[in-house]
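Subject: Structure handover

Hello,

My notes on it follow below.

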Protein chains: 2
Amino acid sequence: MNENSSIRAKSGTNQEGTSAHNRRVMIEALRLNGALSRADLARATQLTKQAVSNIIEDLERDGLVVALETVRKGRGQPSTPYRLVPEGAFAIGLQIDRHLTRAVVVDLVGSVLARAEANLPLDEPSEGVKVILGLIDGVRRELAGISSQSESRLVGLGVAMPGPFGLKNSDDKWMMPAWQKFPLLETLAAGTGLNVGLQNDAAACATAERIVGAAHGVDHAVCLYVGYGIAAGLILNGELYTGGNGNAGEIGRALLSPAGPGSTPLEHRASLASLYQHLGLDAADAHLYERMDALALAEDPKVMAWIKGAAHDLRWSVHLIETIFDPQTVILTSGAPETLARRLLEAMQPLLPSIADRPGRSLPRLQLGITDPWSIALGAAAEPISRAFDPRFSAILKTRAGGL
Amino acid sequence: MNENSSIRAKSGTNQEGTSAHNRRVMIEALRLNGALSRADLARATQLTKQAVSNIIEDLERDGLVVALETVRKGRGQPSTPYRLVPEGAFAIGLQIDRHLTRAVVVDLVGSVLARAEANLPLDEPSEGVKVILGLIDGVRRELAGISSQSESRLVGLGVAMPGPFGLKNSDDKWMMPAWQKFPLLETLAAGTGLNVGLQNDAAACATAERIVGAAHGVDHAVCLYVGYGIAAGLILNGELYTGGNGNAGEIGRALLSPAGPGSTPLEHRASLASLYQHLGLDAADAHLYERMDALALAEDPKVMAWIKGAAHDLRWSVHLIETIFDPQTVILTSGAPETLARRLLEAMQPLLPSIADRPGRSLPRLQLGITDPWSIALGAAAEPISRAFDPRFSAILKTRAGGL
DNA sequence: GCTATTAAGTCAATCCGCTTGACTTAATTA
DNA sequence: TAATTAAGTCAAGCGGATTGACTTAATAGC
């Protein structure tokens with residue numbers, strides 16, 4: 001019976017796929033443009049007025065869009081704009097970091113409705129999972145107080161944690177080895193009854209930028225994330241790209257010079273971990289963020305020295321990213337306080353000359369992204385929303401019946 | 001009237017899009033699996049037997065597929081396998097290099113039916129275009145002798161030339177500045193009456209590997225191309241990725257170390273140009289290829305020294321590519337003779353440890369691709385074929401009526 | 001050797017969702 | 001007040017996948 005399972009082919013599609021795509025296209029158009037009339041949507045999506053009308057009627061019935069006041073603009077019948085209903089869908093996002101974990105609830109438009117954080121016992125996943133499930137339960141209850149339909153409109157749980165995933169030698173202290181081995185997704189799926197997705201933290205950052213930040217509506221953007229480690233989140237062709245094994249963009253472990261295995265990974269020089277080390281701070285310190293903020297504001301010499309060194313490496317990373325991906329823009333994000341991130345951005349100027357240094361650019365080569373430390377949890381939560389509502393190739397195709 | 005043109009949205013789709021996609025899926029399945037029965041196709045594509053039957057009937061009428069002998073395999077009615085008809089479609093590929101140009105005709109399955117080459121006057125595009133049009137006309141006539149329907153089945157002209165494209169300072173001698181400014185595509189479209197597409201040479205290599213080489217059916221592969229320059233062709237999510245401005249993968253100009261603008265681009269060390277320089281060969285020499293082949297076979301010390309140096313840099317490039325893209329495999333291709341390419345591949349072993357060095361790999365981390373010097377022209381020709389017949393997201397969407 | 005079983009493939013009706021073209025509604029312009 | 005313009009609806013039509021019953025042709029088992 002399995003003799004044919006080796007045939008490689010893409011899935012076909014049918015009218016359901018068509019309809020699903022068109023619904024998603026409407027939602028994306030409303031997300032990107034704020035409020036649009038049916039006629040606007042018809043023009044923008046190339047569909048007929050009638051098709052749009054039917055779809056909008058459906059979406060309105062499903063509580064995903066709502067009509068606004070009619071507006072008169074020149075000759076002709078006034079139009080009725082529609083906008084997304086934030087309460088149309090919710091998702092929970094979970095950030096698992098080395099020393100703490102955060103959970104948030106976001107709605108369809110990416111607003112954070114509830115948040116909670118807790119310390120995480122390092123290297124004890126089975127204990128940690130209890131903490132996490134408690135956290136999730138907390139924000140979920142909070143959501144229930146906000147919306148009566150919260151449960152039925154909860155589309156999933158997105159998890160973000162430091163990558164890379166699935167390596168052979170995962171005893172590297174940078175990599176949370178115990179967590180890599182723990183069956184986290186299965187445990188969380190069982191514990192919450194939700195669909196669970198996983199991204200690394202840079203991908204989560206990129207997802208956050210895409211839904212509410214600088215990558216909103218940009219098809220080719222790379223998000224350079226300076227956190228405890230360093231990595232790039234890739235928006236290619238308007239979608240998050242995660243590579244063959246979910247590890248694309250993990251540049252933290254890239255060797256900077258062609259000097260062989262002995263070189264220092266980028267991560268060991270341009271990351272908050274290296275900053276903590278440079279400042280003699282404890283990564284588990286509960287007031288780490290405030291301390292960094294204060295030091296950055298005070299232009300502490302040690303901090304400024306680190307910024308200078310990190311900016312040097314990061315400038316080179318931006319050059320490399322531009323050369324390799326040819327993105328429309330590079331977004332610098334960080335778990336660090338905004339003051340620090342902004343100084344880092346400034347220290348990176350002027351950027352190295354590169355292929356991106358072309359005439360007629362509409363977006364800056366490098367810009368500052370969200371610096372809120374909750375952005376990773378936000379991006380984690382945005383992933384299920386995006387999966388459920390954004391137009392994607394795979395959303396058109398018929399789903400393989402037999403699992404996966 | 002143009003007030004609404006600023007609305008950003010993806011196109012919707014309809015039954016035509018569905019049908020177009022399903023046709024493409026059938027063709028891809030036959031390309032990847034050789035010959036399949038309608039029942040096989042139905043299982044592989046998730047469509048019903050009936051839908052597949054209708055589509056196959058269409059494709060057969062259009063001369064794109066043909067039935068083979070029925071085969072008996074166990075119980076049940078014997079199945080009738082179908083395969084692609086090579087003569088179902090043709091495309092012309094054009095490679096424009098610094099000193100020469102090549103044109104080929106390929107068919108639907110990627111076989112080369114005709115080929116021609118000529119020298120190209122450097123920095124004189126208006127003269128060069130005459131040579132090119134003559135070359136194209138030649139292979140086109142040759143094709144007409146092979147197939148009576150050649151003209152109606154000619155899907156387009158694919159052009160491959162060294163990138164990057166559209167830079168500010170295009171007076172770099174590496175970059176064929178005069179050609180960068182010349183309205184090549186428009187001239188060729190007018191001169192041939194064909195649809196014209198452009199890729200850089202590494203992308204063409206990747207396209208060639210995808211249609212007939214090591215990337216056949218692989219969703220995530222990077223093609224490292226060592227030609228006169230060096231660049232990477234990116235197959236991401238089963239499609240060629242070209243970035244925001246068509247320059248993705250142009251790693252030749254990437255600086256190797258974070259030493260700032262003064263560093264040596266990779267291209268100046270690991271490319272055939274550097275080999276020619278190292279050997280004191282003239283890049284315009286008509287017998288360059290044979291000379292290189294002879295030297296490589298004889299294990300000439302100078303060649304071996306260059307190989308050692310280039311391999312050192314390339315090993316690092318592979319590490320970087322693996323770290324950044326997380327591909328299933330990296331394919332080494334080159335305009336150099338196979339002996340040389342193979343020695344280069346061997347000299348790159350052992351590869352640097354990287355994220356790709358994981359258990360349970362099904363494909364090698366690095367493998368040798370097509371070494372035929374005509375592979376770029378082949379890839380150029382494969383692009384229109386792929387555009388016309390491979391399943392792609394954009395092929396499903398309604399096309400914007402008003403051009404582009 | 002007969003029968004049951006299995007699988008490929010067809011037939012005809014149905015269904016779903018977009019399209020078409022005429023029509024209604026409601027505003028501005030002249 | 002009439003002409004024009006644009007938003008949006010109505011109802012019939014159409015294209016293409018689905019459905020389920022049916023036919024055909026092979027092997028497996030008794």
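How far is a base oxygen of DNA strand D from an N or O atom in the side chain of B:Gln77? The distance is 2.3 Å. Before the rest, the conventions: this is a predicted model, in which local features need pLDDT of at least 70 and side-chain atom pairs count only at pLDDT 80 or more, while totals for chains, interfaces and linings use all residues. Residues are numbered from 1 along each chain as its sequence is written, chains are lettered from A and ligands numbered from 1 in the order in which they are written, and side-chain values use heavy atoms, with hydrogens and water left out.

DNA strand D

The protein places 31 residues around DNA strand D, and A:Gln50, A:Ser53, A:Lys398, B:Arg75 and B:Gln77 come nearest (a residue is near a molecule or strand if one of its heavy atoms lies within 4 Å of it). Sugar and phosphate make up 63% of the atoms of DNA strand D that come within 4 Å of the protein. B:Gln15 has a polar side-chain atom 3.0 Å from a base nitrogen of DNA strand D, and an N or O atom in the side chain of B:Asn22 is 3.1 Å from a phosphate oxygen of DNA strand D.

By class, this surface has five nonpolar, 19 polar and seven charged residues (Ala, Val, Leu, Ile, Met, Phe, Trp, Tyr, Cys and Pro count as nonpolar, Asp, Glu, Lys and Arg as charged, and the others, Gly among them, as polar). Helices H2 (38-45) and H3 (49-61) of chain A, with H1 and H3 of chain B, each supply at least two residues (helices, H or I of at least four residues, and strands, E of at least two, are DSSP runs numbered from the N terminus). The largest share, four residues, comes from H1(B).

DNA strand C

DNA strand C is surrounded by 31 residues, of which A:Gln77, B:Gln15, B:Gln50, B:Ser53 and B:Lys398 are the closest. Of its atoms within 4 Å of the protein, 64% belong to sugar or phosphate and the rest to bases. A polar backbone atom of A:Gly76 is 3.2 Å from a base nitrogen of DNA strand C. Two or more residues each come from helix H1 (15-33) and H3 of chain A and from helix H2 (38-45) and H3 of chain B. H1(A) gives the most, with four residues.

Helix packing in chain A

The axes of H1(A) and H3(A) come within 10 Å and cross at roughly 75° (axes are lines fitted to C-alpha atoms, for helices over the stretch in contact, and angles run from 0 to 180 degrees between N-to-C directions). H1(A) is therefore roughly perpendicular to H3(A) (65 to 115 degrees; under 35 counts as roughly parallel, over 145 as roughly antiparallel and the rest as oblique). A:Asn22, A:Arg23, A:Met26 and A:Ile27 of H1(A) meet A:Val52, A:Ile55, A:Asp58 and A:Leu59 of H3(A) (contact means heavy atoms within 4.5 Å). By class, that contact has five nonpolar, one polar and two charged residues.

Sheets in chain B

One open sheet has three strands in the order S1-S3-S2, with antiparallel pairing (two strands pair if DSSP finds at least two bridges between them). Its edge strands are S1 (35-37) and S2 (65-67), each pairing on one side only, and the twist averages 35° from one strand to the next. Three bridges join S2(B) to S3 (residues 81-84), and B:Ala67 stands opposite B:Tyr82 in S3(B). Helix H1 (residues 15-33) of chain B lies across S1, S2 and S3, at about 95° to S3(B). Helix H3 (residues 49-61) of chain B touches S2 and S3, and its direction makes about 105° with that of S2(B).

A second open sheet has five strands in the order S6-S5-S4-S7-S8, with mixed pairing. S6 (112-119) and S8 (196-200) each have a single partner strand, so one side of each is left without a neighbour in the sheet.

Regards

Terms used:
Polar contact = N/O pair within 3.5 Å; in protein donor to acceptor, adjacent residues only side chain to side chain.
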